[in-house]
Amino acid sequence: MWRLSGLIMTLGMKKRFYYAVRAGRKPGVYANWDECKEQVDKFPCASFKKFATEEDAWSFVGTVPSNSQAASTGDAVAVYTDGCCSGNGRKRAQAGIGVYWGPGHSLNLSERLPGRQTNQRAEIIAACRAIEQAKELNVEKLVIFTDSMFTINGITKWIKSWKSNGWKLSSGGSVINKEDFERLDKLTSGINIEWMHVPGHAGFTGNEAADSLAKEGASKPPC
């Protein structure tokens with residue numbers, strides 16, 4: 001799993017920099033050059049850059065190739081996904097999904113969530129739609145940035161026990177989002193996916209863009 005190394009507080013007047021690795025052993029944002037160097041030194045076609053702000057560094061990591069490049073690049077392709085739901089848990093809830101590939105990218109997606117309107121479903125289906133798009137472009141390695149730990153834990157950890165327990169929770173209840181996780185699980189087959197958690201509403205450009213697309217989708221008519 002890619003990680004954001006713990007940031008080290010600097011002393012005195014020394015300026016902090018953020019080292020972004022877009023293509024390396026473990027892409028991500030690092031606090032110092034030594035950590036960055038471990039990821040890019042002698043790595044074929046390494047891509048990295050130093051930034052003054054963490055937001056800019058993450059934007060660099062999340063930059064994706066153009067449509068024509070995405071199908072042939074050997075580097076990982078990054079995408080941000082998000083889901084939202086106004087009135088979550090209520091009868092008239094409205095949920096939407098957002099998939100953000102980059103500024104002005106033709107694959108950027110904003111849709112109303114079909115079916116049951118909940119925030120958790122929107123997060124899962126947003127990831128599903130991103131993978132579907134990636135597969136259409138023959139992307140071999142995809143990095144999904146999401147602020148939903150529920151989605152990440154569900155597909156990387158919990159699903160194993162759900163399957164072995166007949167889609168039952170440890171409490172004995174049924175997994176509410178079974179069909180959505182089954183869809184996501186099926187889509188992850190045949191493609192290398194890395195799941196990356198980013199904090200929501202924390203100013204990260206890609207996440208904020210995906211959130212805006214999701215909100216736009218929620219305002220659209222029901223599917």
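Two strands are counted as paired here if DSSP finds at least two bridges between them, and in this predicted model strand E5 (residues 94-100) meets that condition with E6, to which it is joined by four bridges in an antiparallel arrangement. The protein as a whole has seven helices and eight strands, and buried residues account for 47% of its 223 residues. Of the contacts between residues at least 6 apart in sequence, 65% join residues at least 24 apart, while the accessible surface comes to about 11500 Å², with 52% of it belonging to carbon and sulfur atoms.

**The sheet**

- Five strands form an open sheet of mixed pairing, in the order E6-E5-E4-E7-E8.
- Strand E6 (109-112) and strand E8 (192-197) stand at the edges with a single partner strand each, so one side of each is left without a neighbour in the sheet.
- From one strand to the next, the twist averages 20 degrees.
- Helix H5 (residues 149-164) packs on the sheet, where it touches strand E7 (141-146) and E8, and its direction makes about 145 degrees with that of E8.

- Beyond its neighbours within four places in sequence, isoleucine 97 is in contact with residues including Asp82, Leu109, Glu111, Ile125, Arg129 and Leu213.
- Isoleucine 97 and glutamate 216 are 119 residues apart in sequence, yet their C-alpha atoms are 8.4 Å apart in space.
- Asparagine 207, found in helix H7 (residues 205-218), is also buried, with a relative accessible area of 2%.
- Not counting residues up to four places away in sequence, asparagine 207 touches Tyr80, Asp82, Asp147, Val198, Pro199, Gly200 and His201.

**Nonpolar cores**

- In soluble globular proteins, nonpolar side chains tend to be buried together.
- The largest nonpolar core has 35 residues, and those with the most contacts inside it are Trp101, Ile131, Leu142, Leu184 and Trp195.
- Two or more residues of this core come from each of strand E4 (77-86), E5, helix H4 (119-136), E7, H5, helix H6 (178-187) and E8, and H4 gives the most, with nine residues.
- Isoleucine 131 touches Leu142, Ile144, Leu184, Leu187, Thr188, Ile191 and Ile193, leaving aside residues up to four places away in sequence.
- Another core, of 20 residues, lies apart from the largest one and has Phe51, Ala57, Phe60 and Ala76 among its members.

**Salt bridges**

- The structure holds six salt bridges, and Glu111, Arg129, Glu132 and Arg183 are linked in a network of them.
- Glutamate 111 forms a salt bridge with arginine 129, with the closest N and O atoms 3.0 Å apart, and the pair links strand E6 to helix H4 across 18 residues of sequence.
- Within that pair, glutamate 111 is partly exposed at 26% relative accessibility, whereas arginine 129 counts as buried at 18%.
- Arginine 183 forms a salt bridge with glutamate 132, the closest N and O atoms being 3.0 Å apart; arginine 183 lies in helix H6 and glutamate 132 in helix H4, 51 residues apart.
- Arginine 183 is partly exposed, with a relative accessible area of 32%, as is glutamate 132, with 22%.
- Aspartate 185 forms a salt bridge with lysine 163, whose closest N and O atoms are 2.6 Å apart, and this pair links helix H6 to helix H5.

Terms used:
Residues are numbered from 1 along each chain as its sequence is written. This is a predicted model: local features need pLDDT of at least 70, side-chain atom pairs count only at pLDDT 80 or more; totals for chains, interfaces and linings use all residues. Side-chain values use heavy atoms; hydrogens and water are left out. Buried means under 20% relative accessible area, exposed over 50%, partly exposed in between (1.4 Å probe, protein chains only). Contact means heavy atoms within 4.5 Å. Accessible areas come from the Shrake-Rupley method with a 1.4 Å probe; for residues, only the protein chains shown count as cover. Axes are lines fitted to C-alpha atoms, for helices over the stretch in contact, and angles run from 0 to 180 degrees between N-to-C directions. A nonpolar core is a set of buried Ala, Val, Leu, Ile, Met, Phe, Trp, Tyr and Cys residues joined through side-chain atoms within 4.5 Å. A salt bridge is a side-chain nitrogen of Lys or Arg within 4 Å of a carboxyl oxygen of Asp or Glu.
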